[in-house]
Amino acid sequence: MARLDSRGLPISTTSDLAAERYREGVDLMLSTWPGAAEVLEEAIAADPDFALAHAARARAHAMRSEGALAKARIAMAAELVARRATEREQSHVEILSLVINGRTAEAIDRVSAHADAWPRDVVILSLPLGAFGLLAFSGRADHDQARVDLCERHAAHFASDDWWFLTYRGWSHAENGNVAHGRDLTQRGFDLRPRNANAAHALSHAMYEGGANDEADRLIQAWLPTYDRSGILHGHIAWHAALAALEHGDAERALAIYGEHVQPSVSTGNAVNVVSDTASFLWRLQAYGHPVPEGLWQAASAHAAPSFPAAGFAFADVHMALLAAATGDRDGLDRRVSALTEMIEAGTLAAGPVVPAICRAALAFAEEDYAGCARILEPVAAEVVRVGGSGAQREIVEDMLLLALMRSGEAAKAGALLDRRLHRRPSPRDKAWHGLLAA
């Protein structure tokens, strides 16, 4: 009898225990829930020649920013899959190998073809989805719509109670502007499997995008204690609560959350989460008029430096620029901008000119050259989506432009931007800013 994965696809293993542990391990991994690595190791122990278990373990290493371990494990999977595997399994391992070895453009094309043939292969279908998926970091301006299109193309293949698909289908719609529908789908996914960090995260985003920031805050306060601090998304979901506090001007509570859950010395998130969460929180804190306690900028910068020393990862480049500007590392920021410019000239930076523009704007803002900051950002505002991440994460650039306009005397432009934001969703902070402009 053929052994199956959690979505009914045949898997090449000789062990019932290995199959069972693989199903559980993959679902834990898709939930970003602690224990996935250990359960997958049990699958491998039960059948050391089980290629897909090695491949999933490689993916779990990659999610933890453990690049060398991920490459070693996917190489093992590739060796094993050549001996005993179906066509789907061979394609599955090849795609994961492309991703882990940084060949993401090739991987995106392969994922599309693979999903057309085997849409229920959720480990592969998950790769383009989410704020940090292949599509988000592809440099495409239409990646939000592309995720919706991918989900809708394959929706008929998933049961109405598939918690994983509901979560990512809902996330995709909410990020693409269909917030009410996205929130409904994501809520259903969360209700089916609350022990799912991706669902809690996606639901908090949908609430935020719909102006229900206080609901998102209450959700996080109730749910976060159920999620072990070792979970990859623990610090990032707490970051959302810290932003909710800032929305109401409660810097004391925001800093308390940051100190307990988000700062580099306590967060167990992967490198890109820690760097982006710390840099963006501290930037917002300062830009919104609250003092940043001594040493926090320096600690965040020191932690980030070895993670992204070279330019080329657009989302990280933007946050590294925030850190460099705040700590006075103008030389480091100039070197990053020069490297990004060279990549653009060589045609190797998918996100394009918007990336060095944001970096330069961050420096101008830090140096209180608000008119200069606005001049840099206004022409590229529509292209910010290319850096990837979520709408909530990219909003920091819109905040930078808005504050630069306000502080350089461009009240009409700032008011128009605030009107658009308030039309999209209510915001106590935006309402207060609108009142300042009116006064």
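Helices (H or I, at least four residues) and strands (E, at least two) are DSSP runs, numbered from the N terminus. The model is predicted: local features need pLDDT of at least 70, side-chain atom pairs count only at pLDDT 80 or more, and totals for chains, interfaces and linings use all residues. Residues are numbered from 1 along each chain as its sequence is written, and side-chain values use heavy atoms, with hydrogens and water left out.

D47 lies in the loop between α2 (36-46) and α3 (51-63). Its relative accessibility is 4%. D47 therefore counts as buried (under 20% relative accessible area, with exposed over 50% and partly exposed in between; 1.4 Å probe, protein chains only). Contacts were taken as heavy atoms within 4.5 Å. Leaving aside residues up to four places away in sequence, D47 touches T13, T14, S15, A18 and R84.

Salt bridges were defined as a side-chain nitrogen of Lys or Arg within 4 Å of a carboxyl oxygen of Asp or Glu. The whole structure holds 32 of them. R88 pairs with D121, with the closest N and O atoms 3.0 Å apart. R88 belongs to helix α5 (residues 87-100), and D121 to the loop between α6 (104-117) and α7 (122-125). The pair therefore ties together parts that are 33 residues apart in sequence. Both R88 and D121 are buried.

A second bridge joins R169 and E152, at 2.7 Å between the closest N and O atoms. R169 sits in helix α9 (residues 163-175) and E152 in helix α8 (residues 143-154), 17 residues apart. E152 is partly exposed, with a relative accessible area of 33%.

The side chains of E247 and R429 also meet in a salt bridge (2.7 Å, N to O). E247 lies in helix α13 (residues 234-247) and R429 in helix α23 (residues 428-438), so this pair ties together parts that are 182 residues apart in sequence. E247 and R429 are both buried. E209, E395, R424 and R425 are linked in a salt-bridge network.

A charge was taken to sit over a ring if NZ of Lys or CZ of Arg is within 6 Å of the ring centre and within 35 degrees of the ring normal. The charged end of R120 likewise sits over the ring of F158, 5.6 Å from its centre.

Aromatic pairs were also searched. Rings of Phe, Tyr and Trp (its six-membered ring) pair if their centres lie within 6.5 Å; planes under 30 degrees apart count as stacked, over 60 as edge-to-face and the rest as tilted. The structure holds 17 such pairs. The rings of W164 and F165 have centres 6.2 Å apart and planes at 45°, so the pair is tilted. W164 is buried, with a relative accessible area of 1%. F165 is buried as well, at 3% relative accessibility. W223 and Y227 form a tilted pair, 5.1 Å centre to centre and with 35° between the planes. W223 is buried, with a relative accessible area of 5%, and Y227 counts as buried at 2%. Ring pairs also link F132, F137, F308, F313 and F315 into a cluster.

The largest contains 142 residues, of which Y22, W164 and F281 touch the most other members. Not counting residues up to four places away in sequence, F281 touches W239, A242, L243, L246, A254, L255 and Y258.

Helix α15 spans residues 271-287. Of its 17 residues, 16 are buried, so α15 is largely enclosed by the rest of the structure. The expected span of a helix is 1.5 Å times one less than its number of residues. For α15 this gives 24 Å, and the end C-alpha atoms are 24 Å apart, which agrees.

G289 follows α15 and has a positive phi, near 100°. G289 is found in the loop between α15 and α16 (296-304). It is exposed, with a relative accessible area of 58%. G289 and A251 are 38 residues apart in sequence and 9.5 Å apart in space, C-alpha to C-alpha.

Notes. A nonpolar core is a set of buried Ala, Val, Leu, Ile, Met, Phe, Trp, Tyr and Cys residues joined through side-chain atoms within 4.5 Å.
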